[in-house]
Amino acid sequence: MQGSASPKLTANAVACRRGDRLLFRGLSFELSGGDALHITGANGTGKTTLIRVLGGLTTPYAGDVTREGMLGLLDERPALDPDLPLGKALAFWTKIDSAAPGGDVSDARRVLGLEPLLEVPVRYLSTGQRKRAGLAALMGRDAKIWLLDEPLSGLDVAAIDQVTGLIADHVARGGIALIASHQVLAIEGLRTLELGDYAPRQMAGDAA
Amino acid sequence: MIAALLKRDLGKFFPFAGGGAALPVVFFIAVAMLYPFAVGPDANLLSRTGGGVVWIAALLAAILPLEKLVAQDIELGTFDQLRLRGITEEAMMAVRLVAHWLSFGPPLVLAAFPAAALLNLDGPTLHLLLVGLLVGTPGLAAIGLMIAALTASLRAGAALSGLLLVPLALPILIFGAGALARQDAASLGFVAAISLLLVAIAPFAAGAAIRAAREV
């Protein structure tokens with residue numbers, strides 16, 4: 001279904017600001033199929049902003065981003081209707097992503113332990129359960145490039161292992177994963193990018 | 001894809017589908033019920049002024065769903081996820097406009113029958129009222145959608161949207177209610193023209209507003 005072309009994600013001298021404050025500048029990298037990049041940095045260094053820029057949701061202050069391949073985003077908001085039971089909320093995204101085979105979705109639900117929760121309205125789910133539901137929606141898609149904003153926050157120890165494994169599988173299948181996280185990630189071949197290193201000079205002192 | 005989106009939006013906003021979305025219709029009927037008590041049971045006065053009251057009730061009822069119309073999906077990240085799937089903001093807003101109108105336009109047109117009975121409106125007046133509401137409510141929906149999208153990222157957005165809708169909806173009200181006063185169907189043509197223009201602009205204006213709301 002997906003073209004055989006390897007996915008690509010490149011950032012070229014990207015700079016971002018929030019309000020009047022320059023968060024980082026001169027950020028460049030190039031990721032292709034099978035690459036995983038871990039974005040680290042103190043709170044407020046712009047990890048979420050970077051992810052949104054890479055996803056094309058906001059425009060960078062300077063520089064440019066190119067993407068080849070479908071993007072998938074997992075952030076703090078799983079985009080599931082709080083009033084609907086989880087099964088129905090997920091079914092909406094399955095319908096939108098009708099190109100993806102149905103088997104993948106139910107696989108993802110089983111692996112992530114969501115089967116017993118399908119009748120529960122989304123607003124009653126815990127943070128970790130919501131996070132897993134968002135990941136199931138992401139896995140149901142045919143996205144080659146995963147942008148993950150704090151994918152492990154709120155997860156219990158077993159789920160952290162599971163999710164890390166899922167990310168590693170995705171990368172091993174030739175996908176790209178870009179993970180902004182404070183946690184340590186056990187993924188083979190993971191590169192790390194410290195966002196604080198790209199902060200403007202007067203800010204670098206504060207962040208250290 | 002668009003069909004799935006429309007189905008979800010309708011499920012969210014259609015009356016009786018849950019979430020208290022029947023409120024605009026209840027509000028509309030309540031105004032028509034209370035008005036005779038407020039001005040007294042003079043049948044002549046009621047039939048002369050009743051049509052205008054129905055129009056005001058329709059306009060105010062259109063404000064009620066605005067709070068949830070756009071802001072909630074920005075908060076949930078739904079629009080972001082749809083964007084990543086290659087659906088443009090304009091398409092999302094066009095679908096939402098259809099869902100929003102379907103959720104209050106036709107129900108208000110139906111509710112105009114009991115309202116007309118309560119206000120002693122005669123046949124020709126009811127006819128003009130129904131046609132007027134049918135062509136005017138899409139315009140009200142379009143104004144509502146644009147305002148909801150523009151105010152979605154503001155903290156007092158809900159209160160502001162009510163204030164903003166009233167002056168913008170005045171042309172529709174003037175021509176819509178004016179048709180009743182003069183028993184003249186021609187001014188409904190103006191209502192239809194205004195509605196058409198607003199419906200054409202709304203998806204683009206609201207889509208741009210959603211994109212702008214991300215750049216904070």
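**Exercise 1. The make-up of chain B**

How many helices and how many strands does chain B have?

*Solution.* The model is a predicted one, in which local features need pLDDT of at least 70 and side-chain atom pairs count only at pLDDT 80 or more, while totals for chains, interfaces and linings use all residues. Residues are numbered from 1 along each chain as its sequence is written, and chains are lettered from A and ligands numbered from 1 in the order in which they are written. Taking helices as DSSP runs of H or I of at least four residues and strands as runs of E of at least two, both numbered from the N terminus, one finds 10 helices and 0 strands in chain B. The radius of gyration of chain B, taken over C-alpha atoms, is 18 Å, close to the 17 Å that the globule rule (2.2 Å times the number of residues to the power 0.38) gives for 216 residues, so chain B is as compact as a globular protein of that length.

**Exercise 2. Helix H7 of chain B**

Describe the span and the bend of helix H7 (residues 89–118) of chain B.

*Solution.* First, the 30 residues of H7(B) reach 42 Å from the first C-alpha to the last, close to the expected 44 Å, which is 1.5 Å times one less than the number of residues. Next, H7(B) bends by about 30° at Leu102(B), the bend being the angle between axes fitted to the seven residues ending there and the seven starting there. Pro106(B), a proline, follows within four residues of that bend. Finally, just after H7(B), Asn120(B) takes a positive phi of about 60°.

**Exercise 3. Where the chains meet**

State how many residues of chain A are in contact with chain B, and classify them.

*Solution.* With contact meaning C-beta atoms, placed from the backbone, within 7 Å, 15 residues of chain A are in contact with 16 residues of chain B. On the side of chain A, strand S5 (71–74) and helix H2 (86–96) are the elements that give two or more residues. By class, this side has 6 nonpolar, 4 polar and 5 charged residues, where Ala, Val, Leu, Ile, Met, Phe, Trp, Tyr, Cys and Pro count as nonpolar, Asp, Glu, Lys and Arg as charged, and the others, Gly among them, as polar.

**Exercise 4. Asp197(A)**

Is Asp197(A) buried, exposed or partly exposed?

*Solution.* Asp197(A) is found in the loop between strand S8 (190–194) and helix H6 (201–207) of chain A. A residue is buried with 20 or more other C-beta atoms (placed from the backbone) within 10 Å of its own, exposed with 12 or fewer, and partly exposed in between. Because Asp197(A) has 14 C-beta neighbours inside 10 Å, Asp197(A) counts as partly exposed.

Methods
Contact = placed C-beta atoms within 7 Å.
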